[in-house]
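Here are my notes on this one, written as I went through it. Have the structure open alongside while you read.

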Amino acid sequence: MAPTHDVAVVGAGPAGLAAAVEAAEAGLDVALVDAAGQPGGQYWRHYDERHARPDDRRGHHGWRRFAGLRDRLHALRDAGRVRYLPGHQVWLAAREDDGTFTLRLTAAVASTPALVSVLAARTLILCAGGYDRQLPLPGWDLPGVMAAGGVQALLKGHRTLAGRRAVVAGTGPFLLPVATGLARAGARVVALAEANATSGWARDPLGAVSAPGKGVEAVQYAALLARHRIPYRTRTAVRAVLGDGRVEAVRLGRVDRDGRPTGPEREVAADLVALGWGFTPSLELPLMLGAETRQDTDGSLVVAVDDFQRTSAGGVYAAGEATGVGGAALAVSEGRLSAFAVAGAQGRPVAAAAVRREQSRIRRQRRFATAMHRACPVPAAWPGWLDDATLVCRCEEVTYADLRDAHTALGATDARTLKMLARPGMGWCQGRVCGFATAGIAACLGGRPATAGDLRPLAGRTPAFPLPLGELSAPAEEPGTDRTPTTDAGHGG
């Protein structure tokens, strides 16, 4: 039986990458599991390293920091101090009777079998990141409508344009790199529609200046918008996507602070619509292990952690988007702090000054994140954009009318009951796409704001990812058992 690792880190984005290298350099035996084939996560997603220069930083911020973390990871992997398992995802996490944890793994890509099916660790650092939050609207199921993060992933990971004439819409700073990235790659961005007003940053001026580097980025993006002649429209939303078989145009209109229409609509021709309403944290594993949650400023359900990134589930730490969406710099600091905390708990020397420094950075970055969420909220009245035929759950083809009928005729007053009676969130994605929207619709139909109780029933999933029944029913292997004789060092990055 393979030895139990001191710590298993799940996710190799900014938080997980920082956690893994810091924990290993503190002397811990580390396993790093990541679904992607190379480190970086969504934020530092980049072209295949086998075919690109190591310093390829096209469209990236903080590339030098990433390159340093990646080099440290590869050195630690080659030295046998980090067991790096790219292309693997955790579908089940469980605590054993002796207090250790068992992770069940499967291949992230079906055509490439997993090399390890079971992993054991004394401690977990969960850094699974998040995914694009989507709000339904008429026509959003047409080919050519994509999540803003998906559009950016094609650009960063494959240097592929999803369309030639684009509308980027939603809310939040993430729309800026998506729009400018499309323009730099050769697309014509005919509109960048921000549902909120820039004056929203004045709601929390101290938080807005807590991360000075973000102000520099904003100026850079303003210059790029001007250079590429991208029309930037505030208090503007896509009211409908139009087309016969695929996107042909969008209907744009002005909205008030809550998202209610305030003026005439106009049609803009487009073959790509990139929609982004922030991000939803991936909470499958923390919820599976019993970690307590809370509702963050942006309305998301997040894991509750203390000043050392510890969750309420003993031995389980969380960092990055799982604790609240706040950007890569915050995620790196949280990852480092969690590694320091785990090392200290396992008797390794940790510099108190380094701990205090990361805690200070986290407080500062968290203040900025709070200001950002207050400036760019999801409009409260967004369910008013829907018509009866609008699909809310595309997997199960559940319309807004189906949800409304379940509420009025069957007494479904909460998201859990809506899910049971109308089936949103019961398809292939298990609520990843429609969960936030279903919770919001349940609250709106009840004339109240959405709560953590609305979000929680659509956030937990066991198994964490879809997997073949044959794999689910296969006999469990010993923890750490390799399925091929190839060493882990041959599978890095």
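**Notes on the model**

1. Asp-256 counts as partly exposed, because its relative accessibility is 23%. Keep in mind throughout that this is a predicted model. Asp-256 has a salt-bridge partner in Arg-260, with N to O at 3.9 Å. Arg-260 is likewise in the partly exposed class, at 43% relative accessibility. As a reminder, side chains of opposite charge can pair when their charged atoms come close.

2. There is another pair of this kind at Asp-306 and Arg-310, where the closest N and O atoms of the salt bridge are 2.6 Å apart. Arg-310 has a relative accessible area of 38%, so it is partly exposed. Asp-306 falls in the partly exposed class too, with a relative accessible area of 29%.

3. Is Glu-358 buried or exposed? Glu-358 is buried: its relative accessible area is 1%. Both residues also belong to a network of salt bridges, together with Glu-22, Glu-25, Arg-72 and Arg-361.

4. The contact between domain 1 and domain 3 involves 14 residues from domain 1 and 14 residues from domain 3.

5. How much area do domain 1 and domain 3 bury between them? The figure is about 1200 Å², and 62% of it is on carbon and sulfur atoms. On the domain 1 side, Glu-284, Gln-295 and Leu-301 supply 39% of the area buried against domain 3, more than any other three residues.

6. Polar links cross this interface as well. The rule finds two salt bridges between domain 1 and domain 3, and five residue pairs are in polar contact there. On the side of domain 1 that touches domain 3, the elements giving two or more residues are β4 (88-95), α7 (284-288) and β17 (293-295). By class, that side has eight nonpolar, five polar and one charged residues. Glu-284 turns up again in a salt bridge with the side chain of Arg-432, at 3.2 Å, N to O.

7. Now for helix α12 (435-445). Nine of its eleven residues are buried, so α12 is largely enclosed by the rest of the structure. Among those buried residues are Gly-435, Phe-436, Thr-438, Gly-440 and Ile-441. Their cover includes β20, α10, α11 and α13. After α12 comes Gly-447, which has a positive phi, near 65°.

8. Helix α10 (residues 400-410) has Tyr-400, Ala-401, Leu-403, Ala-406 and His-407 as buried residues. If you want to check the spacing, an α-helix has 3.6 residues a turn, so residues three or four places apart point the same way. What covers the buried residues of α10 includes β20 (391-393), β21 (398-399), α11 (415-422) and α12. Gly-411 follows α10, and its phi is positive, near 75°.

9. Thr-451 belongs to the loop between α12 and α13 (452-455). Because its relative accessibility is 35%, Thr-451 counts as partly exposed. Thr-451 and Cys-434 are 17 residues apart along the chain, and their C-alpha atoms are separated by 16 Å.

10. Last, a loop residue: Gln-38, between β2 (30-34) and α2 (63-78). Gln-38 is buried, with a relative accessible area of 13%. What does the side chain of Gln-38 reach at 3.1 Å? That is the backbone oxygen of Tyr-47. A polar atom of the Gln-38 side chain also lies 3.0 Å from the backbone oxygen of His-46.

Terms used. Residues numbered from 1 in each chain as written. Predicted model: local features only at pLDDT ≥ 70, side-chain atom pairs only at ≥ 80, totals over all residues. Heavy atoms only, no water. Contact = heavy atoms within 4.5 Å. Buried area = accessible area lost by both parts, 1.4 Å probe. Salt bridge = Lys/Arg side-chain N within 4 Å of Asp/Glu carboxyl O. Polar contact = N/O pair within 3.5 Å; in protein donor to acceptor, adjacent residues only side chain to side chain. Helix = DSSP H or I, 4+ residues; strand = E, 2+ residues; numbered from the N terminus. Nonpolar A, V, L, I, M, F, W, Y, C, P; charged D, E, K, R; others polar. Buried < 20%, exposed > 50% of the residue type's maximum accessible area, 1.4 Å probe, protein only.
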